[in-house]
Each structure stands twice: as C-alpha cells, then as structure tokens.
Amino acid sequence: MAEGQFDLSQTADSEIAKLREEEFESKSGSDNVEGASGEDQDGERRPRKKRYHRHTQHQIQEMEMFFKECPHPDDKQRKELSRELALEPLQVKFWFQNKRTQMKTQHERHENTQLRSDNEKLRSENMRYREALNNASCPNCGGPAALGEMSFDEQQLRMENARLREEIDRISGIAAKYVGKPLLSFGPSPLNSLPRSNLDLAVGSYGVQPNIGPDIYGSSSGGEIGNRSLVGPTEGEKPMVVELAVAAMEELVRMAQLGEPLWTSRPEDGTDILNEEEYIRTFPRGIGPRPYGLKAEASRETAVVIMNAINLVETLMDVNQWSSMFPGIVSRPVTVDVFSTGVAGNYNGALQVMHAEFQVPSPLVPTRENYFVRYCKQHSDTIWAVVDVSLDSLRGNASSVIRCRRRPSGCLIQEMPNSYSKVTWVEHVEADDRAVHHIYRQLVNSGMAFGSKRWIATLQRQCERLASVLASNIPSRDLGVIPSPEGRKSILKLAERMVTSFCAGVSASTAHTWTTLSGSGAEDVRVMTRKSVDDPGRPPGIILSAATSLWLPVPPKKVFDFLRDENSRNEWDILSNGGLVQEVDHIANGQDPGNCVSLLRVNTVNSNQSNMLILQESCTDASGSFVIYAPVDIVAMNVVLSGGDPDYVALLPSGFAVLPDGPKCMAVTNSGINDLGSGGSLLTVAFQILVDSVPTAKLSLGSVATVNSLISCTVDRIKAAVTRENP
C-alpha cells in the first residue's frame, strides 16, 4: 500500500468517526434540551442552541467494562444498562455502535502497519534473492550460471522453502482470527475418589493387548492409550493450541530467568520454590483458574549435563528417547498429533500433542496423567527451550475429571563448551494428591516426588550413562570378561531394557490393576498377573508381579549400599539358596561408584544345580536410587557378551526403589544421596515371577500364596539387616 493512499484512508477514517460522533451527539442529546422559558413562548422566539448530554466518567467506565464482556448487547441488556446508568436505551445503543466502529478502525490500522512491515521484509528478501541469482556461478566451469542450470538439490530446497512459507502464512492467518478470544475455560470439577480394584486375578496380556498399551517398556506412538482412544485437537481447536503453546513458551522463558520475589530458595535443599501470589501478578492471563480440588506445585532447578544442546532437544522431542531418558518418571508416553516437525533440519518450531503418565516407583502413589502440547523453540544460536502445557479442556469429554494439569513447564537449554549444556528446569503443575498413601505424602507434598530436582538429577545421571555407552576408547584391561567394546554396548543396552521394564511395571499406572492380598496397611503385598505371548524379550507364560512399599528408619544411602553389595546379597535373596554371589564383571556408568552394571554368578551349595547368572544395574542420584536385577540364561548371555542383539534375551526384572521420605533427609552432594540426613527411607520391593510356562494355563492360588510369602520374607530379612546395622 502506498504512503499517500494510507494517509488518505486515515483521513477518511477520522472523518467517518467525526460524522458518527456528531450523529451520536445529535441523537443522544435530542431528549436533553433545556425546557423553553416563558419569554420564548411569545411570537418573537429566537432560535436557541441546544445543550447536549455528555456521559460521565462513571458511565463511560461501566459501558467500557460491559463492552469487554459483550460488545453486542441485545435490547434487554441495553435497557438494563440504561436504567443502571440513568441513560436512554438509544444513547446506550449509539455508544456501543461508535465503540465498535472505533475498535474496528484501530484493528485495521494495526493490520495495515503489520502488512506494510511484512511487505518491506519480503521486498528486502526478494532483493537478496535477485542479487544472489545475478551473482550465481556454475559449479563446473565457474562462469555465470543461467536460471535453467539450477541444480536439482537447489530446486528442491526452493520448493521446500516456498511450501514452508505458505504453511507459516496459513497458520498465521488462522491464529490471527483467534487473537483476543479466551483460550480455555476451566470450570470446577466434581470430586470423585479413585476406583479401587477388588480381588480380581484375571489374567491380562503383555504386548498387543489394548488394556496394556502399545509397549509395556514405556514408549509408543499413536492415538491409543490403555482401553481409551486419544483424539487429537480438531481443526477448529488447532489455532487455540498454537496460541497457547506460544504463550506458554513466553511464560517458561521468563520463569526460568526471573529471580526474587517470584522464586524463593527452600532452606532444606536449596530448591527454588514459586511464590504463588507473585506468579499471579506476573502472569495474570495464564491458562485459566485452578480446577477445584487441585493444589499448586512448582519448583526450579539448574545444572550442567554432559550432552550438547542439539542432542538434548532431540531427546526431549522424540517420544521414545524421552521415555528412555526418564524411565523412572515417564510412563506410557504417546504422540497423539504432530503439528510441525520444525524447520531448517532441526526442531526449531516443532509442536506436537502428547499424552503421558508421570510416576513414582511405588503402587502407593497414583500416576499423574497429562494430555499436553509440547513446543520447541530456538531463541538464539546457543539457547533452546522446550515447554509443555496441558490441553485437558480440549478432550471434549465433560465426564472426565482433571486430576493433574501442567502449567507451562519444561527447560531452558544453553549450549556450553566441550559438548556440555546448562539446563534450567521449571516444573509447575496442579494436582490432586489425596489418593497418595500417607507414608509418601511428605515426599509428594514437598515437591520432591515430581519436582524439578528429580528431573534434573535423573537427567544428569542418564547423560553420564549415555556417555558411558557411547565411549569408544575403553582400555582392554577394563573390559573384564567382555571381549569387545561391542559386547560392552550390548550389555548396557540389555540393562537399559531391564530398568525400563521394571519401572514400567511397578507404579500405580492406569494400565495396572493391582490387587491387595490382605488388609489395608502400607506393607501389604499387591499383585497383578500378565500373560506373555510372542514377546522375544520376555519368557512365554503367565507372569505374576508382586510389589510392596514400606518405611525404614535408615538413611537411603545405607539401604542402597546394602542392597547393591553382592557380599550381603545372601542375607536377603532367598532364591540364591545361601550360595556365594560373585561379581564376574563390572561396568561403571558414572562418577558415583553406585552407578554401575554388574554381571553376577551365584555359586549354589548344591553341586547338582548349574550356576546361575544375574544381570544387575544399580543407580543413584540426588532424588533416589534403584537396584534392579534379572536372572539370565548363560547361553543367551554369551551371545550378548560377543556383541549380539540383546533384544531377544528374555528378562523378568525384579528389584528395589529407594527414595527419601522427605526433604529433611536430603543432604545432597554431587555424588548422589549423602548419609548425613536425619530422615528415613521409602523402600519399594517388586518381583516378577513366571508361575506357568503355558500362556493358556489357569493361575493357581497356591502360586499367589508362594509369591506373597516370598516377598514378605524378603522384606523381613531386609528390615532386620539394615536396622541391625543402623540401630
């Protein structure tokens, strides 16, 4: 648009507004002419200038407030408003007409300015393209290149550039229609208690059964979770999702960078805790009011990890890598819909709708189920950000009760030298934790169970583990019985699958139906059954899982060191039959000596029994510890040690999860949990046992009783041993 034309339109707009104002004054003031005096009643009456009504400041403020809520009032609303403000309905009508005209004029003026700016950018870009074409040279002879001699790759890039530009223009046009409209509406939710399962030992199935999900190991892609089908946003909802993601990104970046008074440091462990009142003042828009029954939980943590920013962003944006990076936190993730995969060959601008459950390794803590959008943006050459924000109100299911909602949460990633990254993690959720068992309540209420400290600690440990997997310069003396670096990688890959399988099967996920065998205490054993068919990573037959959680008056580090030590294993491992346990090989996974993968041999007392191999991984960080193990076939393990594919080794992992019971025991060092804290430990014991090798067999109550006795006896032995060492 030319400059002269733009000025002419502005003049025309001002003239129209002036005429409308005069028309409004003539109409709204017609009933406010002062009454004629007696002198004016004679035949020599002189024409007299009318005095018009001017709205008071109060009247204007009230109509402005009403206009924000309803710019098009009906007759009934205008009459009611005129009575409240002592105006005529016609005056109210004309005021709203003028106000709408004024807003439309302002919007068109802003749009014209924006279009002019875009036009200038396109003109400048066009000039650059022209100069580049004029100066183009032939790659073969070095002479000037004709337009028809453009390479095939360059043609493809130009076509892709044009397609992306059209897509951006389309998304921008759709989003512009929704500017100013409310994003989401959250009404109060009714309170329903979580369903409790009765004694039901019906056999389920691993793998492809709908009530288990696409992959029991914890990662999937598609539109189905459990026995519910997940439907992505409709075409009409997508612009709102885009707008919500952009607003969430802006909020996350500010929350990651701001200090006091928005954030205050918790004395117990130094974690940044959010000031809710300051948050509401700083971010008044947000994603709507907090649903009834939910409580806010927010924290922030910063650390340096051994992974470059590009790889870290890829890990967070790929659902399978994300699940593998956080197996103890993320359960059953699904990518529901992908809006954009990013531009320029990376994840800048990538946006996808996801569903996942966030867990604590115990059947006593319900998982937090979330349906959310994830958005990635590159803010500079060295800074990236990935943000999540809930989309629960878009599900279209009014009967569903929101038990957890993610406000803008995620991380700010800054590239550092030597392939390191500085990560600032913000975790901000609203959750209903009334179903959490009382022994875990202090841990959950403190924010340590689901907060940023746990995410960061897990990320640091897993990045160290990944660096160990990718290491190629391993001295031959450190390989032990493993003959090659390929065998070392296969062992670590097998151990990773073992850990993921254990974590996916120990939590109170919506896909699990735990049955309590007796009473209602915290230490009561909970069991569930699964049927394994055509799964190369698991032996065929009926598998019984059993788990229990308990509190121990012993610091977490002491419990972890006792359980991972092969010399004390015969004190609690009933299945070793009192045999001597020997560590055959050891692979370090990080700086802490507790982070390692071990291959153990159990030398049984009975010489008629063949020796058994056990694969064990122990890991610890500032948020908790795991000791996970599984018996393995010697023949299959020899294949893995030679660098063979570990995916076909059948595993039934069992093990332990050790968590602090609250912030008081969190005396933390760089090497994990220190034993200086005064609190106790929360221990979860979980077994998986093949009770019948025939998948169609019936589960006997005798098998259930045997497993119940096994886990109860193991718990009693552990309690006796650790309390004896820590009186």
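Is helix α6 mostly covered or mostly exposed, and how many of its 20 residues are buried? In this predicted model, local features need pLDDT of at least 70 and side-chain atom pairs count only at pLDDT 80 or more, while totals for chains, interfaces and linings use all residues. Residues are numbered from 1 along each chain as its sequence is written, and side-chain values use heavy atoms, with hydrogens and water left out.

Helix α6 is mostly covered, with 14 of its 20 residues buried (under 20% relative accessible area, 1.4 Å probe, protein chains only). This helix, residues 238–257, reaches 29 Å from its first C-alpha to its last, close to the 28 Å expected at 1.5 Å a residue (1.5 Å times one less than the number of residues). Helices are DSSP runs (H or I, at least four residues), numbered from the N terminus.

Helix α3 (residues 75–85) packs against helix α4 (residues 89–134) at an angle of about 110°, with the axes 8 Å apart. α3 is therefore roughly perpendicular to α4 (65 to 115 degrees). In α3, Arg78, Lys79, Leu81 and Ser82 meet Pro89, Val92, Lys93 and Phe96 of α4 (heavy atoms within 4.5 Å). The residues of this contact divide into four nonpolar, one polar and three charged.

The axes of helix α12 (residues 485–506) and helix α14 (residues 634–641) cross at roughly 125° and come within 7 Å. This makes α12 oblique to α14. Gly487, Ser490, Ile491 and Leu494 of α12 meet Met637, Val640 and Leu641 of α14. By class, five residues of this contact are nonpolar, two are polar and none is charged.

Terms used: Axes fitted to C-alpha atoms, helices over the stretch in contact; angles between N-to-C directions. Helix = DSSP H or I, 4+ residues; strand = E, 2+ residues; numbered from the N terminus. Parallel < 35°, antiparallel > 145°, perpendicular 65-115°, else oblique. Nonpolar A, V, L, I, M, F, W, Y, C, P; charged D, E, K, R; others polar. Buried < 20%, exposed > 50% of the residue type's maximum accessible area, 1.4 Å probe, protein only.
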